[in-house]
Amino acid sequence: MRIEGTAAPAATDRPKDPGSPLVAALDIGGTKIAGALVDSSGGFLVRAKRPTPPGGDAETVMAAVEQVIGELKSDARWSRAAAVGIGSAGPVDASVGTVSPVNVPGWRDFPLVRHVAAAVGGLPVALVGDGIAIAAAEHWQGAARGYDNALCMVVSTGVGGGLVLGGALYPGPTGNAGHIGHISVDFDGDPCPCGARGCVERIASGPNILRRAVDNGWRPLDGAEPTAAAVAASARAGDPVALASFDRAAQALAAGIAATATLVEIHIVVIGGGVAQAGDILFAPLRRHLANYATLSFVSGLRVVPAVMGTDAGLAGAAATAAQVLDLTGFSLR
């Protein structure tokens, strides 16, 4: 975990203690850069957001991040900020503070932590991948609250995740632990952009659910835009091709989840992201397939539930990650 700077003095909008420390949280992705000052109850005191400059070079994208930080710093409560937490699209390397987001082509091995630390005047900065940030949020405020061992996942354009083990977030040495999307579940499957074959993401992500359905003759209802959500709508209407595409995605997810649970003994899986909005079209076959894969006694009772944190998960999780990693006094995650 990369930490820079020295501490300054000491998903919702509900302030807790007017004197308690705050964390400045950043959620950085391919379409938006969001920021917030977050208190120890998870309340958002001030927010800021800018679009991620499409196709921007490194300096242009960083300038947008600095604008978000500047808006947070302009609030009088900035003086209470004790640290900065960043959840970024990946890959990230938190051990050296760099990011190389696939969907931000201007950043390759970009020293994000160093730049942010300079922009915030030397506050300590903690960086993790966005999947881990979402796991931190769901464990702190969401569906994994109260569980000591959990896998939290995002199934959307890609498939990512993060782990909570022994009651604490487990980011791993580079901030990427729990990246379930690139577990191979089909050894002879399609090549994945990561370089492997048959990855969970190559089967279960929204674009791949759509691709499989289209390749097998599916067409959207009533001339709708062809999307994974449209495939889900057809599945609800009983379309066999749409149902089969979601079933295949659910099987891939179940295999990856079972492998993870067998390895580290998790007790609950929380799934969010756009594909999870399909509801029982995804969760029903997922639970059915999981019963066939998670057969050992210590994983057979594994729960699978939808995420509840929504679009604020990245910011809340970035704050929670910083609080844990930097061991902030007065910022309780319980």
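I began by writing down what buried means: under 20% relative accessible area, with exposed over 50% and partly exposed in between (1.4 Å probe, protein chains only). I then looked up cysteine 199, which counts as buried because its relative accessibility is 0%.

I noted that this is a predicted model, in which local features need pLDDT of at least 70 and side-chain atom pairs count only at pLDDT 80 or more, while totals for chains, interfaces and linings use all residues. Residues are numbered from 1 along each chain as its sequence is written, and side-chain values use heavy atoms, with hydrogens and water left out.

**Cysteines**

I stayed with the cysteines and searched for disulfides, meaning pairs of cysteine sulfur atoms within 2.5 Å. The whole structure has zero. Cysteine 192 is in no disulfide, and its nearest cysteine sulfur, that of cysteine 194, is 3.7 Å away. Cysteine 192 is buried, at 6% relative accessibility.

**An aromatic pair**

Next I looked for ring pairs. Rings of Phe, Tyr and Trp (its six-membered ring) pair if their centres lie within 6.5 Å; planes under 30 degrees apart count as stacked, over 60 as edge-to-face and the rest as tilted. My search of the whole structure found one aromatic pair. It joins tryptophan 107 and phenylalanine 110, with centres 4.7 Å apart and planes at 5 degrees, so I call it stacked. Tryptophan 107 is buried at 0%, and phenylalanine 110 is buried at 9%.

I followed phenylalanine 110 to a partner, using contact to mean heavy atoms within 4.5 Å. Leaving out residues up to four places away in sequence, threonine 98 touches several residues, including Phe110, Pro111 and Leu127. Threonine 98 is buried too, at 13%.

**The cores**

I defined a nonpolar core as a set of buried Ala, Val, Leu, Ile, Met, Phe, Trp, Tyr and Cys residues joined through side-chain atoms within 4.5 Å. The largest one has 40 residues, and among those touching the most other members are Met153, Phe246 and Ile271. Helices (H or I, at least four residues) and strands (E, at least two) are DSSP runs, numbered from the N terminus. Which helix gives the most to this core? I found that α7 does, with nine residues.

Another core, of 37 residues, lies apart from this one, and Ala34 and Val154 are among its members. It reminded me that in soluble globular proteins, nonpolar side chains tend to be buried together.

Setting aside neighbours within four places in sequence, its contacts include Ile209, Val231 and Leu282. Val231 is also one of the buried residues of α6. The cover over the buried residues of α6 includes α5, α7 and α8. After α6 comes glycine 238, with a positive phi near 95 degrees.

**Strands**

Two strands pair if DSSP finds at least two bridges between them. Strands β5 (residues 81-88) and β8 run parallel, joined by five bridges. Serine 88 faces glycine 129 in β8. In β8 (residues 125-129), five of five residues are buried.

β12 pairs with β13 (residues 303-306) in the parallel sense over four bridges, and valine 270 stands opposite valine 305.
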